[in-house]
Amino acid sequence: MFLSYSKTGGRKAASFLLAAFIVCCASFSGRMTVYAASLEELELEQEAQKALPVESNDIDNWPAGPVTSAQSAILMNVDTGAVLYAKNIHKKSFPASTTKILTCLVAMEQGNLDDTVTFSTEAVFSVPGDGSNMGMDVGEAITMEQCLYGILVGSANEVANAVGEHIAGSIEGFVDLMNERAAELGCTDSHFMNTNGLHDDNHYTTAYDLALIASAFFRNDMLCKIGNTASYEFTATPTQPDDFILRNKHKMITGEVAYDGVLGGKTGYTDNSRQTLVTCAERNGMRLVCVVFREETPNQFTDTMELFDYGFNNFQIMNIAENEKKYQLETSGFLHTGNDIFGSSRPILSIDSKSRVIVPNTITFDDLESTIDYNVSDGNRIAQIRYSYHDAYVGNAYLELAADNTAAYEFDTNLDTANVSVERVEDTPQETDPAQDNTIFINVKTVLICILAIAAALILTFVLRALAVNSNNAKRRQNRVKRKQRRRERLRSEMDDFDF
């Protein structure tokens, strides 16, 4: 029996409603007393949570973050993974229906939107009838795309189960995929037991881990579209006989709580988790995801907006390739790809032009610390540069080989090895000549090996050529000497015939 989002009123038994009404009336006064007591306890808990420390405020010269009543809260940059606001972000918590962000991420990656998902007995009846659902019956079928709308807009528990069965063959098998995907994303303090977030003591995550999952979710355009839908209408089909509309409970998506730049999100609630909320917003090319755990209505929305304002107002994005001055190789054109028809060329090695760092407005790129790691082998990436500010990670960049590897490389035959230097420039301001903007990152050992190999080949060629030339010259000299000797001998013999 389904009470939330049931597709047709006829499916609700009148006798059930009557019985429920009688029970509610009989216990009304007692419940009011218990509710009042629990409300007072919750208010005290919220006040205590406001006093919890904000770890990001301990970073030197870092913008002070707002006070929130959440037990855990995080603000993360979607594209870099940099944490702008951190409060209890590694505390294990119950995620409730925000679990479905991971469910939909795995479904999108493993399935097809046009797939037909059929509802089994286990998918429908293994979840409580009074939980979030959209009233699907055993044997009914809808597309995978409709399922994703049902999960993200209607938070339908039975739909999450059906998707799991369709993808993995069983709910348990799909939960294994969820845990594997979470681990791939870097989650170390999470464990999922079901597809929908219904309470289980062994079903938990952290604000940090869920922000990692949400960042991957919001990097998918289709999931962003579905996750930012205020309402979705189902129409009758041969495999699903009802017309009905699902309405999103995320008030920043529906517009009940207005905020510019919202890209989507997911609500969650159980008695054990209280209010949980995941939201993504974007302004001026900066995409941020906010996660708050264990709040009370409407604080989950007001705190989320304050955190977004904090991030958008106090931080900026910088392009790494346009600002990097460290680890330089000055070559005056050495190791560049060949000229194209316009006479332009590119370095063989370069920093990904899309790489960014996100930093407080009060600092400059030169204030950042960086480390480079050459133990990278991912396609054309050969090294990673990691950036931080007072040990707070702010972004990274990859050193990449030029995509046009088929072009012939041109080497400067007049190269003076004294002009080639690979160094880490100290963090002191230096003037640079814009006309010599040929700096690239490179592995010193690799460059030296290449130069030595080329030099050895050239030297060997010159030596062999010199030996060949000298050998030919020696033979010519010997022949000339022999010819002179023969001429002298002939002259002597002719002179001997005369008497002077």
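**Figure 1. A patch of positive charge on the surface gathers Arg 476, Arg 477, Arg 480, Lys 482, Arg 483, Lys 484, Arg 486 and Arg 487.** This is a predicted model, in which local features need pLDDT of at least 70 and side-chain atom pairs count only at pLDDT 80 or more, while totals for chains, interfaces and linings use all residues. Residues are numbered from 1 along each chain as its sequence is written, and side-chain values use heavy atoms, leaving out hydrogens and water. Patches are built from residues with over 30% relative accessible area and no salt bridge, joining like charges within 9 Å and nonpolar side chains (Val, Leu, Ile, Met, Phe, Trp, Tyr) within 5 Å. Lys and Arg count as positive and Asp and Glu as negative, with His and the chain ends not counted; each charge is placed at NZ of Lys, CZ of Arg, CG of Asp or CD of Glu. Lys 482, one of the patch members, sits in helix 13 (residues 444–495). Helices (H or I, at least four residues) and strands (E, at least two) are DSSP runs, numbered from the N terminus. Lys 482 counts as partly exposed because its relative accessibility is 46%; buried means under 20% relative accessible area, exposed over 50%, and partly exposed in between (1.4 Å probe, protein chains only).

**Figure 2. Helix 13 also holds Leu 464, part of a nonpolar surface patch.** Ile 459, Leu 460, Val 463, Leu 464 and Leu 467 make this patch of about 490 Å². Accessible areas come from the Shrake-Rupley method with a 1.4 Å probe, and for residues only the protein chains shown count as cover. With a relative accessible area of 51%, Leu 464 is exposed.

**Figure 3. Helix 3 (residues 100–110) is mostly covered, with nine of its 11 residues buried.** The buried residues of this helix are Lys 100, Ile 101, Leu 102, Thr 103, Cys 104, Leu 105, Val 106, Ala 107 and Met 108. Glu 109 of helix 3 pairs with Arg 181 of helix 7 (residues 171–184), 72 residues apart. Their salt bridge brings the closest N and O atoms to 2.7 Å; a salt bridge here is a side-chain nitrogen of Lys or Arg within 4 Å of a carboxyl oxygen of Asp or Glu. Arg 181 counts as buried at 19% relative accessibility, whereas Glu 109 counts as partly exposed at 40%. A network of salt bridges links Glu 109, Arg 181 and Glu 184.

Figure 4. Asp 79 forms a salt bridge with Arg 287, with 2.5 Å between the closest N and O atoms. Asp 79 is partly exposed at 43% relative accessibility, while Arg 287 is buried at 17%. Strand 9 also contains Arg 294, whose phi is near 55 degrees, a positive value in a residue other than glycine. Most residues other than glycine have a negative phi, and most peptide bonds are trans.

Figure 5. The salt bridge between Glu 296 and Arg 274 has its closest N and O atoms 2.8 Å apart. Glu 296 is buried, with a relative accessible area of 15%, and Arg 274 is buried at 12% relative accessibility.

**Figure 6. Ile 363 lies in the loop between strand 14 (356–360) and strand 15 (369–373).** It counts as buried, at 3% relative accessibility. Leaving aside neighbours within four places in sequence, Ile 363 is in contact (heavy atoms within 4.5 Å) with Asn 61, Gln 316, Met 318, Leu 368 and Tyr 389. Ile 363 and Asn 61 are 302 residues apart in sequence, yet 8.5 Å apart in space, C-alpha to C-alpha.

**Figure 7. Asp 352 is buried yet has no salt bridge.** Its place is the loop between strand 13 (349–351) and strand 14. The nearest side chain of opposite charge, Arg 381, is 5.0 Å away. Beyond its neighbours within four places in sequence, Asp 352 is in contact with Ala 321, Tyr 398 and Glu 400.
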